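Try each one yourself before reading the solution.

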Amino acid sequence: MSNNRRKAVEIVRGHSAIDGAGVHLTRVLGIKTTKSFDPFLMLDGFDSHNPADYIKGFPWHPHRGIETVTYLIHGAMEHGDSLGNKGVIEAGGTQWMSAGSGIIHQEMPKASEHLLGCQLWVNLPSDQKMSEPSYGDISAADVPAVDDGNATVRVISGNYKGTDGAFAPKYVQVTYLDVDLAPDTIWEYDGIANNETLFTYLFTGEMAVNEELDDMERKGCAVLYAPTTTSKEDHDILRIKAGKEGARFALLAAEPLGEPIAWGGPVVMNTREELHNAFDELDKGTFIKHKA
């Protein structure tokens, strides 16, 4: 272990966007951040008290070459896919879908007092881009919560201080924590190896991440933290301070893939030829390789 601190080296403040059939969201990560946030491709934040912002949802659409991880703190979202899976993501629950060789699905938020959460896209390694699609349904009751004194840490995947997460990713070993930090307190963690990309996404409140812990970042931002070494044997300390109303944030970490990216809408491959082939198969009706 190291006494050194991971430093905040990139702060991405999301911008308003509209996706799906008219869903208003905050686009945080995208094509411009793929290199520094590898293997994380995209992150969209949901935070609305107005159902008209999101009720039209994300009707049937394809994916290939990625995993989509949808996590809700508040609200609910119905889903269905070409494997025959269907259900509802409730508050505190997660849908972890590996599109692999190809899947068609839909996600339809239900009207609620507050829709709060995010969808993350994780890149699949080149040798797993055409793997069999799979689906993980994680209920709030399945997610262990660790009382850390001034913070409650929900472990969606990975491990936090000896507690395993509710879901074990098959292809990219993502650590996904939901940290609820008390007002005006500091949280430290040294459980992420220095060879892993590590960032936080702030759902609510404010958090300070700089060296002096005095400049506050508001909700809707993603912060990338660079280690002092790149060794998987070293673990620098991550240090975060909550603002006067506390801070609720996701911590995400995984080893980078370091592979070329060819991105076309809902499909992410390694070459333009693979991308062209995917859309050609969509036109021909041969996109789905595995059926229910």
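**Exercise 1.** How many bridges join strand β4 to strand β11, and do the two run parallel or antiparallel?

*Solution.* Keep in mind that this is a predicted model. Start with β4, residues 40–48, and β11, residues 115–123: eight bridges join them, and they run antiparallel. For a spot check, look at Asp44, which stands opposite Gln119 in β11. Now zoom out to the open sheet of seven strands, ordered β2-β3-β4-β11-β6-β9-β12 with antiparallel pairing. At its edges sit β2 (15–19) and β12 (134–138), each pairing on one side only. From one strand to the next, the twist averages 20°.

**Exercise 2.** Work out how the rings of Phe40 and Phe199 pair.

*Solution.* Searching the whole structure turns up twelve aromatic pairs. In this one, the ring centres are 5.2 Å apart and the planes meet at 70°; angles over 60 count as edge-to-face, so that's what we call it. Phe40 belongs to strand β4 and Phe199 to strand β19, 159 residues apart, so the pair links distant parts of the chain. Phe40 has a relative accessible area of 0%, so it is buried. Phe199 also comes out at 0%, so it counts as buried.

**Exercise 3.** Is Asn194 buried or exposed?

*Solution.* First find Asn194 in the loop between β18 (186–189) and β19 (197–208). Its relative accessibility is 2%, and buried means under 20%, so Asn194 counts as buried. Then check its surroundings: leaving out residues up to four places away in sequence, Asn194 touches several residues, including Arg6, Pro227, Ser231 and Asp236.

Methods. Residues are numbered from 1 along each chain as its sequence is written. This is a predicted model: local features need pLDDT of at least 70, side-chain atom pairs count only at pLDDT 80 or more; totals for chains, interfaces and linings use all residues. Side-chain values use heavy atoms; hydrogens and water are left out. Two strands pair if DSSP finds at least two bridges between them. Helices (H or I, at least four residues) and strands (E, at least two) are DSSP runs, numbered from the N terminus. Axes are lines fitted to C-alpha atoms, for helices over the stretch in contact, and angles run from 0 to 180 degrees between N-to-C directions. Buried means under 20% relative accessible area, exposed over 50%, partly exposed in between (1.4 Å probe, protein chains only). Contact means heavy atoms within 4.5 Å. Rings of Phe, Tyr and Trp (its six-membered ring) pair if their centres lie within 6.5 Å; planes under 30 degrees apart count as stacked, over 60 as edge-to-face and the rest as tilted.
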